[in-house]
Amino acid sequence: MENLLSLSFDYLSSFDGVKIRKGLRQLEGLLAQLCLSRTTTAAERRRSMAPNGVSKPGPKDLASLSEDPAFLEFFKLQEGFEWNVAIRLISCLERLLGKGSNGQNDLLLVSTLDLLRGILLIHPPSRALFAREIYMNLLLDLLDPSSCPAVQSSAVLTLVTALLDQPNITRCFENLDGLLTVTSLFKNRATSREVKLKLVEFLYFYLMPETPPHAGPEKVDGGGGLQRSPSKASKLGSGSRSKSEAEEGTRTTDEKQRLLGRYLNNVEDLVEDLKETAPFGASFG
């Protein structure tokens with residue numbers, strides 16, 4: 001597995017789009033082998049048969065993944081910097097972003113973001129990388145109005161995945177003017193309808209009440225990662241915070257509503273809708 005990862009990383013570190021695409025496909029193939037079940041019986045093959053006649057394996061259940069030696073080996077490799085896939089994908093994103101916007105480059109950006117999302121779901125400790133300003137800024141840069149709609153939509157989904165169950169990363173997002181970035185894109189007349197829908201979904205997600213994160217595996221060390229100056233200064237004055245909030249690092253929906261209200265009108269309507277519909281299955285007491 002290390003040999004395959006090493007080869008993929010070499011391709012991802014290239015400035016050649018063809019090699020980058022090859023590296024992404026190799027990683028995607030590896031994750032497919034780890035996470036998709038193989039159909040063994042004729043009945044299973046018939047059930048998984050796609051309309052075009054190609055058999056499509058379904059995802060493995062979580063119980064089988066936790067007992068899968070190959071998956072456990074991959075998960076263990078992700079705990080260190082050398083074999084961590086998320087760090088390599090983030091570095092690849094930075095190089096692609098520096099090449100500007102064009103059709104082929106945008107496709108590579110979307111593919112890299114899609115794969116990064118999968119890695120963050122498979123290996124949640126890698127989300128800790130986005131507690132660093134340098135990495136969070138990269139996601140925010142992808143939400144620039146000049147980015148193509150497909151890149152913007154994929155960046156919003158990746159941002160959700162990075163913030164999932166991570167209050168400390170949400171604080172980093174806030175401190176880097178993340179709310180200003182999101183709401184400015186939402187209010188921009190040139191922003192496509194599809195992207196605006198994704199942004200509304202993100203705001204619903206953001207307004208959810210937070211719970212302190214559970215103790216988990218040791219965080220990935222990204223010390224040898226990118227050496228990129230943050231492109232957005234921290235301008236959001238959060239003011240004084242209560243002792244309990246400082247200790248827990250979490251915010252309530254009301255607190256987030258006040259923060260979001262600095263940049264967007266009628267936030268109370270979003271909150272009321274969130275409480276009535278509970279789209280993410282949350283309880284507001």
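This briefing describes the fold, the nonpolar core, the aromatic pairs and a few individual residues of the structure above. The model is a predicted one, and its secondary structure consists of 15 helices and zero strands. Of the 285 residues in the protein, 45% count as buried. When contacts between residues at least 6 apart in sequence are considered, 72% of them join residues that are at least 24 apart.

**Nonpolar core**

- The largest nonpolar core contains 73 residues, and those with the most contacts inside it are Leu5, Phe74, Leu89, Phe130, Met136, Phe173 and Phe202.
- Helix 7, which covers residues 103-122, supplies the largest share of this core, namely nine residues.
- Once its neighbours within four places in sequence are left aside, Met136 is in contact with Phe130, Leu159, Leu163, Ile169, Cys172, Phe173 and Leu176; of these partners, Phe130 and Phe173 are themselves listed with Met136 among the residues that have the most contacts inside the core.

- The buried residues of helix 12 are Val195, Leu199, Phe202, Leu203, Tyr204, Phe205 and Tyr206.
- The cover over these buried residues includes helix 9 (149-163), helix 10 (167-175), helix 11 (178-187), helix 14 (253-260) and helix 15 (267-277).

**Aromatic pairs**

- The structure holds five aromatic pairs, and one of them is formed by Phe173 and Phe202 in an edge-to-face arrangement, with 5.5 Å from centre to centre and 70 degrees between the planes.
- Because Phe173 lies in helix 10 and Phe202 in helix 12, this pair ties together parts that are 29 residues apart in sequence; both Phe173 and Phe202 are buried.
- Phe202 also pairs with Phe205, and here the arrangement is tilted, with 6.3 Å from centre to centre and 45 degrees between the planes.
- Phe202 and Phe205 are three residues apart in helix 12, so about one helical turn separates them, and Phe205 is buried, as is Phe202.
- Ring pairs link Phe173, Phe202, Phe205 and Tyr206 into a cluster, and Tyr206, like Phe202 and Phe205, belongs to the buried residues of helix 12.

**Arginines over aromatic rings**

- Arg88 lies over the face of Phe81, at a distance of 5.8 Å from the ring centre.
- The charged end of Arg95 sits over the ring of Phe15, at 5.9 Å from the centre of that ring.

- The side chain of Glu174 is joined to that of Arg171 by a polar contact of 2.7 Å.
- Leu107 and Ala150 are 43 residues apart in sequence, while the distance between their C-alpha atoms is 8.4 Å.

Note on methods:
Residues are numbered from 1 along each chain as its sequence is written. This is a predicted model: local features need pLDDT of at least 70, side-chain atom pairs count only at pLDDT 80 or more; totals for chains, interfaces and linings use all residues. Side-chain values use heavy atoms; hydrogens and water are left out. Buried means under 20% relative accessible area, exposed over 50%, partly exposed in between (1.4 Å probe, protein chains only). Helices (H or I, at least four residues) and strands (E, at least two) are DSSP runs, numbered from the N terminus. Contact means heavy atoms within 4.5 Å. A polar contact is a pair of N or O atoms within 3.5 Å; within protein, one must be able to donate a hydrogen and the other to accept it, and residues adjacent in sequence count only if both atoms are side-chain atoms. A nonpolar core is a set of buried Ala, Val, Leu, Ile, Met, Phe, Trp, Tyr and Cys residues joined through side-chain atoms within 4.5 Å. Rings of Phe, Tyr and Trp (its six-membered ring) pair if their centres lie within 6.5 Å; planes under 30 degrees apart count as stacked, over 60 as edge-to-face and the rest as tilted. A charge sits over a ring if NZ of Lys or CZ of Arg is within 6 Å of the ring centre and within 35 degrees of the ring normal.
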